[in-house]
Amino acid sequence: MSALPGSPEAAATTGLDDSPVLPAPADLPPLTEQTRLEAREIIARYPKARSALLPMLHLVQSYQGYVSPEGVTLCAEELGLTKAEVGAVATFYTMYKRRPTGRHLVSVCTNTLCSVLGGQRIMDALSADLGVHHDETAADGSVTLEHAECLAACDYAPVVTVDYEFYDQQDVASARELVAALRRGEKPLPTRGAPLTDFRGISRQLAGFSQYGDADAARAAIDAPGALEPTLAGLRLAVERGESAPAMPAGTPSEPEDQGEPRETVRPSGRTGETPEKEAGDARVAAADNPAERAGAAQAHPDAGAEYGRGRPPGGLDQQGTDTPAGTEPGTEAQGPATHPRATPGSGKA
Ligand code: FES
């Protein structure tokens, strides 16, 4: 029998009561006219005002660290919704917080793959170090800890995110070191993607505003490298072994004619006597700007299985793809980013 919402039994089970949001702390900075102007800027992006609610809730979090009662009121007033309607949305998604969040939000994936590789052990260790459970904040306000469902990075399991930036292939020791660095005020470099900021900064980014002080910092974050090696390991093996997806069965509806580049924009390959389809296939392979896209274009090429399908695609994966040594099976300790080694907290910038 499930406990009634709001009952002591339910709170003990979920850690939450039935309030949509908690009362505001006494020291919470108020939302300002600037917040309201930015909310209206978000609303103006959408044909229907209520479509702006999700980024507006992130905007509230960027100022107050959670969806406060004041933030719910502001969203309701600006969108012409009831506070109950806003609260219903804010309490549905786990990215909207009902309690003030620490400077950083540490999320530990405890879903199946991460868990069997140590995710739950990481969660337990961090919980002990911080003296908190799921969705609670350390007494010094530095870190809010939560367990998370699949963070869509199973190939890098076990995964921890800080303010939604990825720290891949963690173990108990590295995760402990990471959190200790955060508590010292450091910002260890994520394994891939943009540099770490903080929960309020990333909330502002999610609201659609830059969290960076200048264009160079924003550009550096956008251009930050992504480590794709584990993601591409299976594809590389398939290419090496000459494996490809089976042909579509007869009678499968063909792709819409408007897919792909318009023929007039297809760059010629320089080879003669090819059909327009092969010309287009060549151009797509040549235009691919990353190994995954290139491999996909090669697989879709009319010559797949001959020139492209059984060999390496032009500029092939052996040059730009995974660095997993040949013969090393995925899922072993040897698999993992070679050019972007696991971030070490001491290497980050404060
Ligand atoms: S199970 Fe952890 S990222 Fe998918």
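**Strand pairing and burial**

User: In which sense do β1 and strand β4 (residues 160-162) pair, and over how many bridges?

Analyst: β1 and β4 pair in the antiparallel sense, over three bridges. Two strands are said to pair if DSSP finds at least two bridges between them. Strands are DSSP runs of E with at least two residues, helices are runs of H or I with at least four, and both are numbered from the N terminus. Within this pairing, Ser107 stands opposite Thr161 in β4.

User: Before we go on, what sort of model is it, and how are residues numbered?

Analyst: This is a predicted model, in which local features need pLDDT of at least 70 and side-chain atom pairs count only at pLDDT 80 or more, while totals for chains, interfaces and linings use all residues. Residues are numbered from 1 along each chain as its sequence is written.

User: Which way does β1 run relative to strand β3?

Analyst: β1 and β3 (residues 143-148) run parallel and are joined by six bridges. Leu105 stands opposite Thr144 in β3.

User: Is β1 buried or exposed?

Analyst: Six of the six residues of β1 (residues 104-109) are buried, so the strand is largely enclosed by the rest of the structure. A residue is buried if 20 or more other C-beta atoms, placed from the backbone, lie within 10 Å of its own, exposed if 12 or fewer, and partly exposed in between. Both faces are covered, with His104, Val106 and Val108 buried on one side and Leu105, Ser107 and Cys109 buried on the other.

User: And what percentage of the chain's residues count as buried?

Analyst: Of the 350 residues, 33% count as buried. The chain has 14 helices and five strands.

User: In what order do the strands lie in the sheet?

Analyst: The five strands form an open sheet in the order β2-β3-β1-β4-β5, with mixed pairing. β2 (136-137) and β5 (165-167) stand at the edges with a single partner strand each, so one side of each has no neighbour in the sheet. β2 pairs with β3 in the antiparallel sense over two bridges. There, Glu136 has Leu145 in β3 as its bridge partner.

User: Which strands does helix α7 touch?

Analyst: Helix α7 (residues 119-130) packs on the sheet and touches β1, β3 and β4, and its direction makes about 145° with that of β1. Contact requires C-beta atoms, placed from the backbone, to lie within 7 Å. Angles run from 0 to 180 degrees between N-to-C directions, with axes fitted to C-alpha atoms, for helices over the stretch in contact.

User: What percentage of contacts between residues at least 6 apart in sequence join residues at least 24 apart?

Analyst: Among those contacts in the chain, the figure is 64%.

Technical notes
Contact = placed C-beta atoms within 7 Å.
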